[in-house]
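This briefing concerns the model shown below. Please read it alongside the sequence and the coordinates.

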Amino acid sequence: MSTARLHLVTDQPDATEPETAGAALWDVPVPLTGANTAPPPFPVDVFPHWLGDMVTGVARFTATDPAMAGTLAVAVLSACAGGRLEVEPVAGWREPVNIFAAVIAGPGERKSPVHRAMTAPLFAAQSTLADAMRPRIAEAAALRDIADRQAEQAKAQAAKATDPHKRDDAAAEAVAAAIAAEAITVPGLPRLIVDDATPEALIGLMAANGGRMAIISDEGGIFDTLAGRYSGAPNLDPYLKGHAGQPMSNERQTREGASIDKPALTVCVMAQPVVLRQFGGNAGLAGRGLPARFLFALPASMAGYRPVDTPPVPEQVTAGYRHRVHDLAATFAEWTDPAVVVLTEDAGRVRRAAAEQVEAELRPGGSLHDMREWGNKLSGATLRLAGLLHVAHHPADAWRQPIDADRMADAVRLAEFFAAHYRTAVAAITADTATETARRVLAIVTAKGMTTFTRRELHRRCHRQLPRAADVTAVLDVLTAHGWIRGTDSGYEVHPRAAQLAAGSGDSGDTVTTNPDSSVSAAHTT
């Protein structure tokens with residue numbers, strides 16, 4: 001039996017431990033990010049070979065952190081199975097498997113190539129479904145046209161009738177013809193995935209596609225929409241209810257009467273850090289609990305360490321990935337009712353142990369206490385991840401067998417990854433401008449190996465980050481207060497372990513830079 005435990009508490013360095021520099025003593029500096037370690041790498045080995053190899057191959061080819069392709073892989077599974085599979089850990093509790101995710105990476109981090117590679121099978125499956133539907137659409141359109149004409153003719157005959165008895169009969173025939181014509185529905189082309197949509201248009205798309213839809217975008221525009229950039233009070237219902245699976249209707253649409261009993265919305269947005277801060281810092285969205293529904297991933301930046309030439313994803317890996325995702329998407333799209341999968345006895349024990357650990361960490365002093373709105377949903381999110389991993393490992397018959405302990409343990413590990421990255425995302429959202437600038441300046445100081453400097457030297461070296469003299473003063477104050485530098489008779493000296501401590505704490509920039517070879521792992525044990 002496999003077991004897992006959420007390891008959410010991070011040991012903090014002893015702030016009183018002194019550092020020596022000659023005869024002087026230095027205290028360990030206070031991290032500028034509020035965290036003392038970089039978030040962990042994506043656990044690629046939770047995937048089966050066909051999916052893990054694709055994630056690893058795309059990461060190598062694009063020279064990106066596997067967290068980027070890995071999170072998109074989870075979203076692709078959600079787009080396939082969302083609304084068509086539910087996990088029942090105990091009687092009376094059914095958890096849908098659609099997820100909301102956000103990949104946060106700076107400009108130039110190759111989000112678009114990763115997005116294209118991972119979502120291509122969904123668009124292919126959408127085309128397959130559309131081709132199969134076109135004859136049925138044409139047939140229904142022809143029948144509707146014929147029925148409409150018959151209804152018009154019946155109406156005209158009824159209007160011409162002068163005999164009361166014949167007029168009543170003609171009117172009844174006209175009404176019957178109109179009802180018959182109205183009963184013929186012309187379906188639209190099926191959709192699985194869209195790049196962006198207003199909330200009102202999204203409800204219509206979901207209603208026309210069995211209550212399901214996936215928004216997977218390589219841009220953060222949807223966050224702007226949700227934050228009210230184009231509407232002072234955006235309709236959040238398709239997101240809040242689409243995540244929870246609560247019934248909703250599209251009363252704001254011109255088409256009346258459409259409702260969705262069990263909506264299932266998948267969202268995966270790839271956005272820049274500034275968009276994250278705007279979205280996560282929006283009090284209105286936070287008050288409705290929308291950011292707390294997202295699983296955040298902050299891939300490490302590979303910029304500066306990327307190889308010029310990278311090997312393409314092996315053709316057999318790409319073909320296997322496309323084949324399985326295409327078939328999963330097409331198969332689930334034909335269903336009308338969701339399948340329900342349960343847990344094995346051993347998997348139930350793994351789930352309970354993880355849920356108990358989460359509950360303990362929600363207490364005051366626990367690692368989830370300061371992000372309780374997200375932590376309260378973690379046990380449910382872990383079940384959703386378990387369902388998606390179950391589908392990945394059993395793409396041909398996941399709905400016919402229970403989730404085992406190994407998959408549940410893998411889901412707990414994946415939940416640990418997202419918990420750590422959410423904590424880092426919260427630190428980025430709440431960081432003030434002065435601290436952010438100080439973090440960037442510290443990265444430059446340590447990268448250039450500066451051990452001492454004058455105010456003028458710092459201004460010259462960091463003129464883009466510190467265009468004004470007042471900016472220099474503010475950064476010096478922050479770095480001094482946090483213990484990264486201290487004043488001398490001739491200027492400032494840098495903490496002797498600044499480079500080491502900054503690299504270990506994630507204080508070296510917006511994202512942690514790592515060696516590409518160390519971040520791309522092809523290890524799969526499942």
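Helices (H or I, at least four residues) and strands (E, at least two) are DSSP runs, numbered from the N terminus. This is a predicted model, in which local features need pLDDT of at least 70 and side-chain atom pairs count only at pLDDT 80 or more, while totals for chains, interfaces and linings use all residues. Residues are numbered from 1 along each chain as its sequence is written, and side-chain values use heavy atoms, with hydrogens and water left out.

- Apart from neighbours within four places in sequence, Leu298 has contacts with Ile104, His421, Thr424 and Ala425, where contact means heavy atoms within 4.5 Å.
- Between Leu298 and Thr424 the C-alpha to C-alpha distance is 7.9 Å, although they are 126 residues apart in sequence.

**Packing of H1 and H10**

- Helix H1 (residues 49-62) packs against H10 at an angle of about 125 degrees, and their axes are 9 Å apart; axes are lines fitted to C-alpha atoms, for helices over the stretch in contact, and angles run from 0 to 180 degrees between N-to-C directions.
- H1 and H10 are therefore oblique to each other, the class left over once angles under 35 degrees count as roughly parallel, over 145 as roughly antiparallel and 65 to 115 as roughly perpendicular.
- On the H1 side, Trp50, Leu51, Asp53 and Met54 meet Val317, Thr318, Tyr321, Arg324 and Val325 of H10.
- The residues of this contact between H1 and H10 comprise 6 nonpolar, 1 polar and 2 charged (Ala, Val, Leu, Ile, Met, Phe, Trp, Tyr, Cys and Pro are nonpolar, Asp, Glu, Lys and Arg charged, and the others, Gly among them, polar).

**The sheet of S13, S14 and S15**

- An open sheet is formed by 3 strands in the order S13-S15-S14, with antiparallel pairing; two strands pair if DSSP finds at least two bridges between them.
- Strands S13 (452-453) and S14 (485-487) are at the edges, each with a single partner strand, so one side of each has no neighbour in the sheet.
- S14 is joined to strand S15 (residues 492-494) by 3 bridges, and Ile485 stands opposite Val494 in S15.
- Helix H17 (residues 469-481) lies across S13, S14 and S15 and runs at about 110 degrees to S14.

**Ala159**

- Ala159 belongs to helix H3 (residues 111-160) and is exposed, with a relative accessible area of 66%.

Terms used:
Buried means under 20% relative accessible area, exposed over 50%, partly exposed in between (1.4 Å probe, protein chains only).
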